[in-house]
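Hi,

Here is the structure I promised to pass on. Have a look at it first, and my notes on what turned up follow below.

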Amino acid sequence: MSSPLIFSTKRSSFWPVVVLCLGLALVPVVAVLTKQGHWVSLTTQMMILALAALSLDLILGIGGLLSFGHAAFIGLGAYTTGILIQEGKGDLLIALPMSLVVSGLFAFVTGIVALRTRGVVFIMITLAFGQMAYFAAQALYAYGGDDGLTLDGRSTVFGLKLLSNKIVFYYLTFACLAGCLLLLQRLSRARFGRVLLGARDNAVRMETLGYDVFRVRLMAYVLSGMIAGLAGFLLANHTEFVSPAYAAWQRSGDLIFMVIIGGVGSLWGAVGGALTYLLLEEGLSGLTEHWKVIFGPLIILFVLLTHGGIEGVVARLRDVMAGGRHD
Amino acid sequence: MTDTAAIRPVLQIDGLKKSFGALNVTNGVSLSVNPGEIHALIGPNGAGKTTLIHQIAGLLRPDAGHILFNGHDITTTSMPQRARLGLARTFQITSIVPSLTALGNVALAVQAGADKPLGFWTPVDADDSLNSPAQALLETVGLGARAGVIAGQLSHGEKRALEIAMALALKPRVILLDEPMAGMGHEESARLTDLLKSLKGTYAMLLVEHDMEAVFSLADCVSVLVDGHVLATGSADMVRNDPQVRAAYLGDEAF
């Protein structure tokens, strides 16, 4: 007897993940061969935001918690790294753990407050915390204030300037993204993930089974915040610049859109959604300066027509190829 | 109902009070459930039965009074903690995880009592240490063949049975059953009555139910709740013939 499918929404994600990872792994090779060097940098930036979208999908898609302040964690990771670089302590061995600790702590403290609420209140509280981080960054006059801060360079690794190499930095980012994707895929299918999903569907039921729903959600929230902090570390190094805009609510909104475009709760979909979103933005902004007039309706149409984003489309394609057979 | 004095009740409620504004929903309720016994709680709509169950399960905090579980005061204990102590419940309005399969729902309940309820790495779908006991419980409640069905797509009666399987998975000492037969057809509720009868003796149950046929065939002891207080407690026959109860609640057609 084969084990019955437990997650109704969880189709096998093996092939989409393989295709995504292989594709991203080959980008630098193709870019070098075709002499399109700027693709490497562009794709690095896209992967960093995909990492942040992926972290959001853990709490939004699997946990059912719509955080509207997720960019704050990117900002915290980026500012921690930026300040450490400016203070001459920007080595990866210091800046990376510090970025994770700072974003994780912020998630822990804000999570303790925010996770006591639900629904619209949760959205508003996370938005408020996010704006707090944004205004705090603006008030950092010693580090550029409103204008942001141009960094002296990238983090060193054991004192070596390894990360200045675009290709090395690309693959570091790629490894972070692929590693976190694998981690969260496993997590979401493990016992922890099932409890988080159960609490999304029916929190009271989970408590009557003996689960401490608040604690489980807080753990997921902190993990999610830390991964977004990792994205912030990468972003500061990539752009060699930090700005309050990294933590702005518009950026949090972008992340939500990326997750929705990809298909909420599928994890790899968040990565695909982020890449699609940013490619569209890139392509359209090259066409006309009024690109947002096209971009907005296009996103709305996409969401309306696909029913479940990229993940939904892929699932239906597979159904068609399997002769209409489900799973 | 022989030598009840010698048996220590596993669940004892003492002078419980709860009001919402000026409305005294629970007005000094005391009752006890003995090990292995079914204590039925009946009463007209609005008598405060579900509010009482919510307080015992920990969803609502009483204003006054005590809840003793196994001799320990659990009046202020959190809901998850009560569940871990062995107090399971089902809901009047079916409460399951609709996006998991029937098996997944019960496995989730089994997992709550497992050594590591929150593993981060090992996939849970093929975890036999959860799925085997879960499958066995599904067989117990007659859902063995429906294990792979998404719980949200089960019929109403099947969902009610699933809830009972989830409660049993907690290896509880007491099960609070809030109108398990609600919305069931005659045949379904007869089947559920048989199931509860087979569980009687192993688990203590506090049963809230409107289906009098079920109540009188199952209960060792019946309490009648009217306007937030217990009007009468006793064996099914005693309660059935109590003139006060007849006047307050039971229509003649129930006899």
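Predicted model: local features only at pLDDT ≥ 70, side-chain atom pairs only at ≥ 80, totals over all residues.

Strand β7(B) is covered on both faces: Val174(B), Leu176(B) and Asp178(B) on one side are all buried, and so are Ile175(B) and Leu177(B) on the other. "Buried" here is a count: 20 or more other C-beta atoms within 10 Å of the residue's own, with 12 or fewer making it exposed, anything in between partly exposed, and the C-beta atoms placed from the backbone.

Residues are numbered from 1 along each chain as its sequence is written, while chains are lettered from A and ligands numbered from 1 in the order in which they are written. Helices (H or I, at least four residues) and strands (E, at least two) are DSSP runs, numbered from the N terminus.

Now for the neighbours of β7(B). Strands count as paired if DSSP finds at least two bridges between them. β6 (residues 87-90) of chain B runs parallel to β7(B), joined to it by four bridges, and Ala88(B) stands opposite Ile175(B). β7(B) also pairs in the parallel sense with β8 (residues 204-208) of chain B, over five bridges. There, Ile175(B) stands opposite Met205(B). From β7(B) the chain crosses through helix α6 (residues 186-199) of chain B to β8(B), a right-handed β-α-β crossover (with the strands pointing away from the viewer, the path from the first strand over the helix to the second runs clockwise).

On to chain A, which has twelve helices and two strands. Of its 327 residues, 50% count as buried, and its C-alpha trace spans about 60 × 50 × 40 Å along the principal axes.

Finally, where the chains meet: the contact takes 27 residues from chain A and 37 residues from chain B, with two residues in contact if their C-beta atoms, placed from the backbone, lie within 7 Å. α6 (166-189) and α7 (191-208) of chain A are the elements that give two or more residues to chain A's side. α7(A) gives the most, with eleven residues.

Cheers
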